[in-house]
Amino acid sequence: MHSPERGSDRRTLIADSAIDLVATAGLRGLTHRAVDGAAGLPAGSTSYYFRTREALIGACYARLAELDLGDFDEGAAPSHSPSSLSSPMDRDAVAAALAALLYRWLTSGRSRQLARFELSLEAARNPELATELHRAGQGSRDRAAGILAALGAARPGESAELLVAWADGLLYDRLAGALARSRPAPQLAELTAVTRRMIDAALA
């Protein structure tokens, strides 16, 4: 019999292994059997916890959101943590925090973001997954709305939608866009200048 703790650990292991598989092999590589092998689990383990492909992808959405929000709350550097910025917040500090976060996702977190984009496209093809994707993506928008409200946004929810969309667009362009392979590695100073313009525009 599976204990709740063991079940939770296995679900996390399976989701992490599935995300890694999507990052390296795309959605065509995402099968229950492949996840079992990648996770080092007995055959049938993934299907025990996630009966269908949709359930497995939904678990990936939830895990990606958990990891991304963990990065967001932790901050890419202690002095640039979005959740610990001094009050009242200032635009330069928020821009530095967001730039540090994007820099992490463009470098050490690159594979996870590629998997997130690939998995997100699946929801566009499969309406059954749209609700799960929406739920997973709401957390980052809520965090952004809170910060933008502290910066004085008149409509923080709308401003957050724009800021998250711009950040996603920047990530996609740098990771998978037509010029992604030919561009030099991103620089933190460059990203900070870009994020400051994004914040100014979101608050305009």
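Is Arg-135 buried, partly exposed or exposed? Arg-135 counts as exposed, because its relative accessibility is 51%. The classes are buried for under 20% relative accessible area, exposed for over 50%, and partly exposed in between, with a 1.4 Å probe and protein chains only.

Some ground rules. This is a predicted model, where local features need pLDDT of at least 70, side-chain atom pairs count only at pLDDT 80 or more, and totals for chains, interfaces and linings use all residues. Residues are numbered from 1 along each chain as its sequence is written, and side-chain values use heavy atoms, leaving out hydrogens and water.

Arg-135 forms a salt bridge with Glu-132, at 3.1 Å from N to O. A salt bridge here is a side-chain nitrogen of Lys or Arg within 4 Å of a carboxyl oxygen of Asp or Glu. The two residues sit three apart in helix H7, so about one helical turn separates them. Helices are DSSP runs (H or I, at least four residues), numbered from the N terminus. Glu-132 is partly exposed at 32%.

The count of salt bridges comes to 18. Another of them joins Arg-143 and Asp-73, at 2.8 Å from N to O. Arg-143 is in helix H7 (residues 127-150) and Asp-73 in helix H4 (residues 53-74), so this pair ties together parts 70 residues apart in sequence.

Arg-196 and Asp-92 also pair, at 2.3 Å from N to O. Here helix H9 (residues 188-203) holds Arg-196 and helix H5 (residues 91-106) holds Asp-92, so the linked parts are 104 residues apart in sequence.
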